[in-house]
Amino acid sequence: MAQTNSTTAWPRLRVADWTDTRETLHMWTQIVGKVRLAHAPLLNHWWQVTLYVSPRGLTTSAIPYGDRLFDIEFDFLAHRLVIRADSGETRTVALEPKSVAQFYSETMRALDGLGLETRIQGRPNEVDPSIPFAEDTRHTSYDPHSAQTFWRQLVHANRLLDEFRSGFTGKSSPVHFYWGAMDLACTRFSGRTAPEHGGGAPHCADWVMVEGYSHELSSCGFWPGGGEEGAFYAYSYPEPEGYRECRLRVPGATYAAELGEFVLPYEAVRTANDPNAAVTEFLAETYAAAAELGQWNRNVLECDPRRWSDRRAAAPWSLR
């Protein structure tokens, strides 16, 4: 396993070196995500179910429970799942080698102990086979270093996706972690509706995808696949004619026909002279291709994130 002692370095983590931990952690995030799904009111494109990168790991943010609030956080520094209620009470579940069945039982019991009884769909989505959580004794691995390094990858991706998001005034998603596919994503919308999605994700109802892809979009993100150390990705729905034929300037970026998206391997970013610039250019180029070929109204949808920089520099303490 590669080591990193810096919070600013782009850490190396080969997908093949942590496959077992990744698959177990994927199931754990699905359990926690489904807890949020059980209580949060529906938002367009299922935005209410996602997790978010936090200073310690991945968090649900505040979840409503009647007139109460609670949250759940994967703490990849202390390696524990933390459940906090607005009463001030807390429960924890150790992140350590254990089966999905055990993690599921401990998490549900912790919620019960806080008076947050929850019933979720008891099996994962978007994976095959879909083993019921209560019966899953296949996935039992948890390597703390790998989990923490993956989170460090997400921290870098989250930072750059946030910066990319700032240049758009149209409808845009938060930067959030979808536990279905285990990816960090940010999505821009043209403002037009899209053709009804055909579905097809394993163990996921087609109507779920219809909601997710109800409007024309350009999406980008990072996931622990698509390269030896994971990959940044970008795609458009519906994909405009000529999109996949676009040639990007970013070294290492290609269109993966089997995935239906552009891919920039994480290792190409990590070893670049300027990793930040490589990712920024990839995000900008793939979005521009989708917007130009899809005839988006870019003059209305885009903005300069530095538009108030001169005022802030002149009097950063002033609100006038």
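Predicted model: local features only at pLDDT ≥ 70, side-chain atom pairs only at ≥ 80, totals over all residues.
Six strands make an open sheet, and the order is S7-S8-S9-S10-S12-S11, with antiparallel pairing. At the edges you've got strand S7, 176–178, and strand S11, 254–256, each pairing on one side only. On average, neighbouring strands in this sheet are turned by 35° against each other, ignoring direction.

Let's go to S8 and S9. S8 covers residues 183–193 and S9 covers 215–223, and the two pair antiparallel over seven bridges. If you want a spot to look at, Ala185 stands opposite Gly221 in S9. Then there's helix H3, lying across S7, S8, S9 and S10, and running at about 25° to S8.

Now the residue I like here, Glu216, which sits in strand S9. So is Glu216 buried or exposed? Its relative accessible area is 10%, so it counts as buried, the cut-off being under 20%. The Glu216 side chain has a polar contact with the side chain of Ser190 at 2.5 Å, and another with the side chain of Arg192 at 2.6 Å. Glu216 also touches residues including Phe189, Tyr237, Pro238 and Trp296.

For another glutamate, look at Glu135, in the loop between helix H2, 100–113, and helix H3, 144–165. Glu135 has a relative accessible area of 57%, so this one is exposed.

Notes. Residues numbered from 1 in each chain as written. Heavy atoms only, no water. Helix = DSSP H or I, 4+ residues; strand = E, 2+ residues; numbered from the N terminus. Buried < 20%, exposed > 50% of the residue type's maximum accessible area, 1.4 Å probe, protein only. Pairing = 2+ DSSP bridges. Axes fitted to C-alpha atoms, helices over the stretch in contact; angles between N-to-C directions. Contact = heavy atoms within 4.5 Å. Polar contact = N/O pair within 3.5 Å; in protein donor to acceptor, adjacent residues only side chain to side chain. Lists of a residue's contacts leave out its neighbours within four places in sequence.
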